[in-house]
Amino acid sequence: MFETILGIILLALPFLAVNLFSDKKKGFIYVLFFSLLFQTALAITTQFFGVFYYNVVMCCTLFADIIVLFVCFLIKIKNRQKFVFNFQKIDWVVFAVIIISFLTLFQVHYNYTGKINLATDQVVSYHEVEHMKYVYPYFSDEWYAVSLIEGSINSHSLPIKNILTNNTPFLNLELFFHSFLAEIFVILNLNVLTQYTLVSIFINTLIIVLIYIFLRISKVSALASGVSSLLALYIACGANLPGLWHLIPFTLGIVIFLISACFMEFNDVKMAIASMLLASFFYPPLIPFFAIAILGFLFFKINLTKQNIFRIVIGLILLFIFSVLGFYALSASPLQEMVNYIISRLFFTSFVAPSITQLYFYRVIPLPVILFAIIGLYFIYKNKKWIFAELTLCAMMWLFYSLTVNRFFIEYERMVIFTSIIAVIISGFGLKFIEDEIKKEFQKKGEDFLKITEISIIFIFLLLVPYYTQGRNWGNFILVNPSNNVISYPKSPANNYLTEDDLRVFKDIKGKKFLSISWKGTVIGVATGNYPVVSKAGTISIGQEITIDDFLNSDCAGKTYIARLTKVEYVYMPAFECVEFQKIDESQEGLVLYKVVF
């Protein structure tokens, strides 16, 4: 606990520099960006040189904090300023947003009431639970993040080895994400497996706060910004629609996009581009959205003289030439495998093909957001054309993706959540328009009415906290095969794939190869340090699901053949009787652990 508190203090100290800014919101954004940049650079550097140890990371962070504090002190002395904390200038709405967001997201893993799925369900089945505490991740990519982060911490190096296959080399295109989070877990001295969800809650709360700050910078009132940002909590999440319930590379991409949006509001193009470059390391599929935002901002902000147009054209030509030369250079280098993989992700087929997930916008985006965003469209068209350009691109991609299984650069589900975030931002401007009209019409009475109404709405958000997980929007995200209209029903966004019984059964087994159903292979492999023959497809994919089907449907001779072929030492499957498999233990879910004895 002491190490965790110390880590929080070290991460928070740079934010004292916010006091140097007359606009505290602006200061917060700049300090946040450079803190992210520093911690990412520190993580990559220490892991690259194999010195990724607690003492090294803490000393480097402490040294950087001392430099920041010393510079702040010198600036204050030079300007004859005092460190004054003015309670009258505190934005109390942002505190309400933080508290409500944290409490709401806390329900997802620590007080879940609603439907869940189990790993042993042979068909999609729903199980009602109340006040369930499940400290482990829900999403497969989160489980693999836990694995890669733990591998990085234990090896004191970059997360480029797959510990689920006994530390074999792994082409990790999400390296920056896993490296950065490994740094955070080391500084805070947290357990990656059981406290990954706490970090997820914090970072997703940060997304809500950044939406609020962006709207405030854009001259939207505090209460309207609070209402709009809190509505983002109700963007639907699903088993294959990861949103604010999850922590994946896309999540940090959203964080940095919102930081970039704030920089554009400050008219700081250089910092906006710098944040785009940082985001491209964390989640490259967002690059087209960053590019549209920044190009749209530049197009409508700068004076389009012939000289400026010429510079833009020359810049784009040079960028194209260097991109082509860089591509051919990498193709002829030892990085050819990585280049080929990246190319394969430019144009690809959906992972649920031939089916298409039915993600209708009115089922994903909260209805109040849709209504306020419609009102805000005219405002952003007139005043924030880069946001309008972003929305246009998102809407076109949403429509295209809803009709085909073909994908470009980004998955359907990630694009849908990103579009929903944009809609939430636009809804803030819709609320601003409504406020302005009411104030214009009713003046002081209108202001009082708005204040009471918006405070009441924020209070309603607080009252809804215990009921947050009981929504059923995800149940509408069915999969339809266009060729035969066959429908597949969605799984719940929550599950209980790793049970305490699983941990008990495997408590004395380490570093062994085992065969189980795919989800059990993933969660048990990550949680217990064993090597699954088959895992759930995601960031890491091991084996093929057909191996499980073949094993379950085979006689004893067939089971023995598969066990020899895959070189497994243990099998964790529904009960069967074969002399070559010795029963060791059984879980309450009906899965039996066998030791292979031939």
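Biologist: Is Phe418 buried or exposed?
Modeller: In this predicted model, Phe418 is buried, with a relative accessible area of 1%.

Biologist: And what about Phe289, buried or exposed?
Modeller: Phe289 is buried as well, its relative accessible area being 1%.

Biologist: How many aromatic pairs does a search of the whole structure find?
Modeller: The search finds 41 aromatic pairs. One of them joins Phe289 and Phe418: the ring centres are 4.7 Å apart and the planes stand at 50°, so this pair is tilted.

Biologist: Which parts does the pair tie together?
Modeller: Phe289 belongs to helix H11 (residues 287-301) and Phe418 to helix H17 (residues 412-463), so the pair links parts that are 129 residues apart in sequence.

Biologist: What kind of aromatic pair do Phe576 and Phe581 form?
Modeller: Phe576 and Phe581 form an edge-to-face pair, with 5.4 Å from centre to centre and 80° between the planes.

Biologist: Are those two buried or exposed?
Modeller: Phe576 counts as buried at 16% relative accessibility, because the cut-off for buried is under 20%. Phe581 counts as buried at 4%.

Biologist: Which residues do ring pairs link into a cluster?
Modeller: The cluster consists of Phe21, Tyr30, Phe33, Phe34, Phe263 and Phe266, linked by ring pairs.

Biologist: Let us turn to the sheets. What is the strand order in the open sheet of 5 strands?
Modeller: The order is S11-S10-S12-S14-S13, and the pairing is mixed. Strand S11 (531-532) and strand S13 (581-586) stand at the edges; each has a single partner strand, so one side of each lacks a neighbour in the sheet.

Biologist: Which helix packs on that sheet?
Modeller: Helix H20 (residues 545-553) does, touching S10, strand S12 (570-574) and S13. The direction of H20 makes about 75° with that of S12.

Biologist: How do S10 and S11 run, parallel or antiparallel?
Modeller: Strand S10 (residues 513-516) and S11 run parallel and are joined by 2 bridges. Within this pairing, Lys513 stands opposite Tyr531 in S11.

Biologist: And S10 with S12, parallel or antiparallel?
Modeller: S10 and S12 pair in the parallel sense, over 3 bridges. Phe514 stands opposite Tyr570 in S12.

Biologist: How many bridges join S12 to S14?
Modeller: There are 5 bridges between S12 and strand S14 (residues 591-596), and these two run antiparallel. Here Val571 faces Tyr594 in S14.

Biologist: Why is S12 described as largely enclosed?
Modeller: Of the 5 residues of S12, 4 are buried, so the rest of the structure largely encloses this strand.

Biologist: What is the order in the open sheet of 3 strands?
Modeller: That order is S6-S8-S9, with antiparallel pairing. Strand S6 (356-357) and strand S9 (487-488) are the edge strands, each pairing on one side only. Strand S8 (residues 479-480) is paired with S9 over 2 bridges, and Val480 stands opposite Ile487 in S9.

Biologist: Where is the cis peptide bond?
Modeller: The bond from Ala353 to Pro354 is cis, with omega near 10°. Pro354 is in the loop between strand S5 (347-349) and S6.

Biologist: At what angle do H5 and H7 pack?
Modeller: Helix H5 (residues 140-155) and helix H7 (residues 192-217) pack at about 115°, and their axes are 10 Å apart. The crossing of H5 past H7 is right-handed.

Biologist: Which residues make the contact?
Modeller: H5 contributes Glu142, Trp143, Ala145, Val146, Ile149, Glu150 and Ile153, while H7 contributes Val192, Leu193, Tyr196 and Ser200. By class, the contact has 8 nonpolar, 1 polar and 2 charged residues.

Technical notes. Residues numbered from 1 in each chain as written. Predicted model: local features only at pLDDT ≥ 70, side-chain atom pairs only at ≥ 80, totals over all residues. Heavy atoms only, no water. Axes fitted to C-alpha atoms, helices over the stretch in contact; angles between N-to-C directions. Left-handed = near helix turned anticlockwise from the far one by under 90°. Contact = heavy atoms within 4.5 Å. Nonpolar A, V, L, I, M, F, W, Y, C, P; charged D, E, K, R; others polar. Pairing = 2+ DSSP bridges. Phe/Tyr/Trp six-rings, centres within 6.5 Å; stacked < 30°, edge-to-face > 60°. Buried < 20%, exposed > 50% of the residue type's maximum accessible area, 1.4 Å probe, protein only.
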